[in-house]
There are 2 protein chains.
Amino acid sequence: MSSPPQQYCRLTELLGEIVDLNNLAAIAYWDRQTYMPSGGASARKQQLTTLSSLTHKKMTDPTIGELLEQLTDYEDSLPYDSHEAATIRVARRDYRQAKRIPPELVAQRSEASAEGLQAWLQAREEADFSVFLPALRRNYDVTRRIAQALKPDWDPLDTLIDRREPGFTASEVGDIFSQLKEELLPLIDAVSQQAVDDSVLHQHYPEQLQWENTLDAVSSIGFDLEQRGRQDRSVHPFTTSFSPDDVRITTRVRENDFSAAFFASLHEAGHGTYEQGLTDELCRSILGQGASGGMHESQSRLWENLVGRSRQFWHFFYPRLQKRFSSQTDGVSVEDFYRAVNRVQPSLIRVEADEVTYNLHIIIRFELENAVYSGELSPADLEAAWNDKYSDYLGITPSDPVQGILQDIHWSGGFGASFVSYTLGNVISVQLFEAAQREYPDLLQQFERGDFCSLLKWMQTNVHAHGRKFKPKELIRRATGQDLSTVPYLNYIRSKISDVYDL
Amino acid sequence: MSSPPQQYCRLTELLGEIVDLNNLAAIAYWDRQTYMPSGGASARKQQLTTLSSLTHKKMTDPTIGELLEQLTDYEDSLPYDSHEAATIRVARRDYRQAKRIPPELVAQRSEASAEGLQAWLQAREEADFSVFLPALRRNYDVTRRIAQALKPDWDPLDTLIDRREPGFTASEVGDIFSQLKEELLPLIDAVSQQAVDDSVLHQHYPEQLQWENTLDAVSSIGFDLEQRGRQDRSVHPFTTSFSPDDVRITTRVRENDFSAAFFASLHEAGHGTYEQGLTDELCRSILGQGASGGMHESQSRLWENLVGRSRQFWHFFYPRLQKRFSSQTDGVSVEDFYRAVNRVQPSLIRVEADEVTYNLHIIIRFELENAVYSGELSPADLEAAWNDKYSDYLGITPSDPVQGILQDIHWSGGFGASFVSYTLGNVISVQLFEAAQREYPDLLQQFERGDFCSLLKWMQTNVHAHGRKFKPKELIRRATGQDLSTVPYLNYIRSKISDVYDL
């Protein structure tokens, strides 16, 4: 392969500047969620607006279009999976998308989000969905118009899903979700007859000890807290990165709930390993991101659930826990503890849901978005439809909208395809895990020794190292040799639940 | 006054974007010094380079030049001290300065600094000035060429001083420093015959209690830690702000040295009050900065020394200290403590120097810079000259260059006018303090009650609220009714030392 033409170097330099600006925005965002005093909010909003309009300008700079045009022959001469071909391909997609959204719509998007956030907070305060409704309508309208601007001939929800999960359609996601629902609903029904004692998790766990415990756990699984990452506190846990060598995760500690901090930390550390895995060629590259929301979520759910809720993990980690929390774990066997962290119990709040019912929370939201986009449901009727679905699928009904339709922030900043990645991530995580197990048949036994290197290395090689060179389905096929399927996930969840419960 | 022409609105919008970008750089810088893991350094450098070249491009945008041209008549129609006239005046100065420095020189500046930092660190490691010398020469060369580009007809050191302290020349600064030297050298000589016991400061002060103590002190003097600011830890204490409503100070704690954290916090909080005082019209304005390095330093030294080392402050604060550190302060009277924090003792390290000898550290550096710029001294001879001056003025000689010429980071990123602001700040602080005292004759008595509102309010009204609308000398005249003078400072320091020592 000959050396790249100078247009390619010029392109990557322009893209590199955009990556820098995005990372600067990430720093400002991270600070806002972690350390910023309340007085800083208004200036921060202005700074981020200035930066994002500057970034949008750079991403729609006609020079990029011209360079991409001039690079067509070069791209054709390259192997499809080469770094250079992928850079040009992905840059072309990003450039076209950015070009198609008129600046007025970008501004309206930003206004609708700001208004939506205010209205959502207000509605939660008054526990009244109707207070949020006008802002929700506006967000729905703006989101739909963005979808239409991006792909005038497509169904808007398809466009929104394709944007978040490149290559997926609404009907494909719907199929996957139907397969899950069919299996999970009877399973939830079956376990509801039995009780698992998880009272060990609801004792007093002192803040500082919990903090140290989460640091121990996330560094055990291979998230680099020393040189290339750190953990801080925030109200809502999240992960961000400013380069593969500077990845930030956050968690929150509740003193009467062991799981809140522990599993949030593992979850975010899972995201963090993905970001830390975007090394070498992916540094300062437009390819240096996760392949999609769902692929990213596959990594967080992998470490949170497949590892962090496995019996083998707790055989390794429970002795450490017993040392830190001797009175809380007194008389509780590792098996008791394993069952406690795997308790299945329908509940109202998504972020606190167990591994099984979590998917139903997502499916409900997706079905509602689908119904609104297809015209079957008016936004005004969302609350009633929400409550009906919770009653149908989980057998419980929110007593007020704060516990119901107002619980998530997502719809305050857009409406459509907002949640699908979470459950896609669950499905993908097991398929990847099984592929890793084929390469390392004693993977679970390694966990018992506190050894997570093989699993992490497998993910780094087969997932992280590619960044967003490939679309999710393509990446899954390359990594596992198979098409995306719900079978591994459903087998896993059945066997897991049968193990915890006597089914 | 008629409403501003639309060119003025356009100008302030363009300047506002530049302010936003500068604040984003400040966020990235703050994070680098406080929380960034070591791995993040290389990407951060790249991000800051991208941002600064973008900001430079915006600041030299010919549109700004055209708008300024079109606004000449409008400016002439405005009162000199109006916000609008000052905005145009200062923008013109900034624009011209930015335009005069060719982009190659900006790049060379940045390379020379990066190289200088590396060489300085290396030289410190090897305790060998000659390792640093080539980089120092290069920085001297680049700094001088920048000065020549800015004002071809001026003496380069005058230009560099004018840039840091608008309106000052090297010879004016030299005069001020000579006046100080003449008085301070005999004073230092006189006190060296007497000993003040400051052993109370060198006991074990636990980290966390010291931290709480600094928070208490800085919020007592009126730095808003609740809504509009915060304190974090860093190796070298500093202050930065992302808006007047989001001001960050840092400190560092040494468990065997009470003064290190306490006076660093008060010093930075002093800077912080200036930044928090840049309210209203100064938000997102090119005027929303301190008037000069020296003016900024006048505020930090005011709160650190005139307040924080006053007898009245300790009458208020010592009981709090006794509660926190009862064993350390056992048997130590408030008068003993007051004398301890005012001990004068020639020492090698500038940042640890007392109120009196501190100025000599600055004067030495200025005289050396002056000698190099005038051609009397070659950079190669700086170390010997440094050691001679320490011996002459302070009666001590560094045993190695790490304790001597390699102690400060400043010359690794440029050479010229690097230190003058510190001592100018001392001089200005007393003149401002006395003016405030004329308005509030019982100012010092207020301190005894823990009441610092009058002093803070006076500074806000007479200094902070103007941002950089006026040049320092002009601002001092407006604030105090008098020209800058060393008389108040010298009176103050004589009377302070006579009070602490039996002279």
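Colleague: What should I know before I start?

Modeller: Residues are numbered from 1 along each chain as written, and chains are lettered from A in the order written. In this predicted model, local features need pLDDT of at least 70, side-chain atom pairs count only at pLDDT 80 or more, totals for chains, interfaces and linings use all residues, and side-chain values use heavy atoms, leaving out hydrogens and water.

Colleague: How is the size of an interface given?

Modeller: Often as the accessible area lost when the parts come together. Here about 2700 Å² is buried between chain A and chain B (1.4 Å probe, summed over both), and carbon and sulfur atoms give 62% of that. In chain A, the residues losing the most area to chain B are A:Leu24, A:Tyr35 and A:Gln47, together 20% of what that side buries.

Colleague: How many salt bridges are there between chain A and chain B?

Modeller: A salt bridge is a side-chain nitrogen of Lys or Arg within 4 Å of a carboxyl oxygen of Asp or Glu. The count here is four; one of them joins B:Arg44 to A:Asp246, with the closest N and O atoms 3.3 Å apart.

Colleague: Is B:Thr214 buried or exposed?

Modeller: Buried means under 20% relative accessible area (1.4 Å probe, protein chains only). B:Thr214 counts as buried because its relative accessibility is 1%. Contact means heavy atoms within 4.5 Å, and B:Thr214 touches B:Gln231, B:Ala261, B:Phe262 and B:Ser265, not counting residues up to four places away in sequence.

How values were computed: Buried area is the accessible area (1.4 Å probe) that two parts lose on being put together, summed over both. Buried means under 20% relative accessible area, exposed over 50%, partly exposed in between (1.4 Å probe, protein chains only).
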